[in-house]
Amino acid sequence: MEYCYTASEDSIVYDVPAYTGFDNAVMKTGYIAEISAISGDFGLVSGETGDAGWVEMSKLTETGEEPEHSRGDINNDGKVDMYDLGLLSEHLGSREYLPDGIFLLRKCELAAADINGDGKVTDGDVLVYLMLICS
Ligand SMILES: [Ca+2]
Ligand SMILES: [Ca+2]
């Protein structure tokens, strides 16, 4: 299930479902996390390649229904423009400091960001945005 981190203060992603584990990463307001299991007060953040760690469930809010996005329209304002490209760039940059399973964008937004439709969000999509926006 997809959750959004809604607490205003940062919190630690622990390697065990307790306040004593090692910190794997830091959650900040607005981060998106896929929770695959719950243990006590903690939820397990999971990515495709493994688990990122445990986050306090009280600081997470279910994202709920996924709105329909047309391809390329990441912020869902009805246009494909530089603002969408900005979100895509932030997402790509975030992969260097966020573990798999923690994202800046929702799944539905990432699906929209895959503007060339190859199933991945990469620099190849940036090129398609640049061609669309600059033409
Ligand atoms: Ca847009
Ligand atoms: Ca793509």
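What follows treats the domains, the core and the hairpins in turn.

The structure is a predicted model, in which local features need pLDDT of at least 70 and side-chain atom pairs count only at pLDDT 80 or more, while totals for chains, interfaces and linings use all residues. Residues are numbered from 1 along each chain as its sequence is written, and chains are lettered from A and ligands numbered from 1 in the order in which they are written.

**Domains**

The protein chain falls into domain 1 (2-62) and domain 2 (82-134), with bounds that come from an automatic or database domain assignment. Taken over C-alpha atoms, the centres of domain 1 and domain 2 are 23 Å apart. Contact between them (C-beta atoms, placed from the backbone, within 7 Å) involves 15 residues of domain 1 and ten residues of domain 2. On the side of domain 1 that touches domain 2, at least two residues each come from β3 (23-27), β4 (32-39), β5 (42-46) and β6 (51-56), and β4 gives the most, with three residues. Strands here are DSSP runs of E with at least two residues, and helices are runs of H or I with at least four, numbered from the N terminus.

**Nonpolar core**

A nonpolar core is a set of buried Ala, Val, Leu, Ile, Met, Phe, Trp, Tyr and Cys residues joined through C-beta atoms within 7 Å, where buried means that 20 or more other C-beta atoms lie within 10 Å of a residue's own. The largest such core has 25 residues, of which V13, Y31, A33, V45, V55, I102 and A113 touch the most other members. β6 gives the most to this core, with three residues. Because domain 1 (2-62) and domain 2 (82-134) both give residues to this core, it lies between them. Leaving aside neighbours within four places in sequence, V13 has contacts that include V45, W54 and V55.

**Hairpins**

| Pair | Bridges | Residues between strands | Turn residue and phi |
|---|---|---|---|
| β5 and β6 | five bridges | four residues | G50, positive, about 155° |

Within these pairs, I38 stands opposite G43 in β5, and S46 has D51 in β6 as its bridge partner.

Note on methods:
Contact = placed C-beta atoms within 7 Å. Buried ≥ 20, exposed ≤ 12 C-beta atoms within 10 Å, placed from the backbone. Pairing = 2+ DSSP bridges.
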